[in-house]
Amino acid sequence: LVLAAAALAGCAARNTPPRRLYGLTGTPPLPGDARPGQDGRAWVLSPEVALPDLLDRDEILVAEGSAGLRPLPEARWAEPLREALPRLLAEDLWRLRQPYPVTVGKQNTPQGESLRLIVQVDEWLARPDAGGLQLKLRARWHWMPLQAPRDTALPAPGSADLSLPCSLQADALADTYRRSVVLLAARIVAAS
């Protein structure tokens, strides 16, 4: 019995597809219609981007049916989305706003006024039946420090609902996730 169990375990291990790690890598081109930000204020992106619990895992999930989720069996995120999104969003915001600074975390310009951007992601899933990767989020602004000058207005809080066509192949899907961050950055800059 022990030999039979070991043989079956060996067969199962050979039939399991190897895990591959995918990341949000590269620097996609900025959208052609993106306009550079020119408000001159430093932006600070909160490092705590609120994500739904279902995205706080290493599996790459695909929506299935009206309420189902299916992990891609061989694919895993190399870096948690909770850590990747603020870092990449700050990079893309800076590319759109340079030379005006965008950082993640604490204010780094004590002498100048800064805005803190807080982002909450409501959905970030591939939906093959709905035409691709869906990214839905909300963003709001706070002055840093919170004692804002009363005569200066904050940019309006906003929401974004992006949809990008995508393949359900893990490489292409990871690339679409990365491109969605660039489009999100362009939307935030245009709305500020």
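## Strand β2 and its partners

In this predicted model, strands β2 and β6 pair in the parallel sense over four bridges; two strands are said to pair if DSSP finds at least two bridges between them. Within this pairing, L45 stands opposite L117 in β6. Strand β2 also runs parallel to β5, to which three bridges join it. In β5, T103 is the bridge partner of V44.

In a regular strand the side chains alternate between the two faces of the sheet. Both faces of β2 are covered, with A42 and V44 buried on one side and W43 and L45 buried on the other. Here, buried means under 20% relative accessible area, exposed means over 50%, and partly exposed lies in between (1.4 Å probe, protein chains only).

## Basis of the description

Residues are numbered from 1 along each chain as its sequence is written, and side-chain values use heavy atoms, with hydrogens and water left out. As the model is predicted, local features need pLDDT of at least 70 and side-chain atom pairs count only at pLDDT 80 or more, while totals for chains, interfaces and linings use all residues.

## Overall composition

The secondary structure of the chain comes to three helices and eight strands. Helices (H or I, at least four residues) and strands (E, at least two) are DSSP runs, numbered from the N terminus. Read from the N terminus on, the elements follow the order α-β-β-β-β-α-β-β-β-β-α.

The chain has 192 residues, and buried residues make up 40% of them. Of the contacts in the chain with a separation of 6 or more, 72% are accounted for by residues 24 or more positions apart; contact means heavy atoms within 4.5 Å.

## The nonpolar core

The largest nonpolar core holds 47 residues, of which L89, L93, V119, V121 and W124 touch the most other members. Such a core is a set of buried Ala, Val, Leu, Ile, Met, Phe, Trp, Tyr and Cys residues joined through side-chain atoms within 4.5 Å. At least two residues of this core are supplied by each of β2 (42–45), β3 (59–64), β4 (68–77), α2, β6, β7, β8 (158–164) and α3. The largest share, ten residues, comes from α3.

The surroundings of W124 can be listed in detail. Not counting residues up to four places away in sequence, W124 touches L24, L51, L55, L81, L85, L133, Q134, L135, Y177, S180 and V181.

## Helix α2

Helix α2 has 17 residues and reaches 23 Å from its first C-alpha to its last, close to the 24 Å expected at 1.5 Å a residue. The expected span is 1.5 Å times one less than the number of residues in the helix. Because twelve of its 17 residues are buried, α2 is largely enclosed by the rest of the structure. Among the buried residues of α2 are L81, L85, L89, D92, L93 and R95. The elements that cover the buried residues of α2 include β2, β4, β5 (102–104), β6 and α3.

R95 lies in helix α2. With a relative accessible area of 18%, R95 is buried. The side chain of R95 reaches the backbone oxygen of P28 at 2.6 Å. R95 touches T27, P28, P29, L30 and R178, not counting residues up to four places away in sequence.

## Salt bridges

Side chains of opposite charge can pair when their charged atoms come close. A salt bridge is defined here as a side-chain nitrogen of Lys or Arg within 4 Å of a carboxyl oxygen of Asp or Glu. By this rule the count comes to eleven salt bridges. In one of these, the side chains of D92 and R178 meet at 2.6 Å, N to O. This pair links distant parts of the chain, with D92 in helix α2 (residues 81–97) and R178 in helix α3 (residues 170–191), 86 residues apart. Both D92 and R178 are buried.

D122 forms a salt bridge with R138, the closest N and O atoms being 2.8 Å apart. Here too, distant parts of the chain are linked: D122 is in strand β6 (residues 114–127) and R138 is in strand β7 (residues 132–144), 16 residues apart. D122 counts as partly exposed at 35% relative accessibility, and R138 is partly exposed with a relative accessible area of 42%. Salt bridges that share partners join E79, R87 and E91 into one network. Within it, the side chains of R87 and E79 meet at 2.5 Å, N to O. R87 is partly exposed at 34% relative accessibility, and E79 is partly exposed at 26%.

Methods: Polar contact = N/O pair within 3.5 Å; in protein donor to acceptor, adjacent residues only side chain to side chain.
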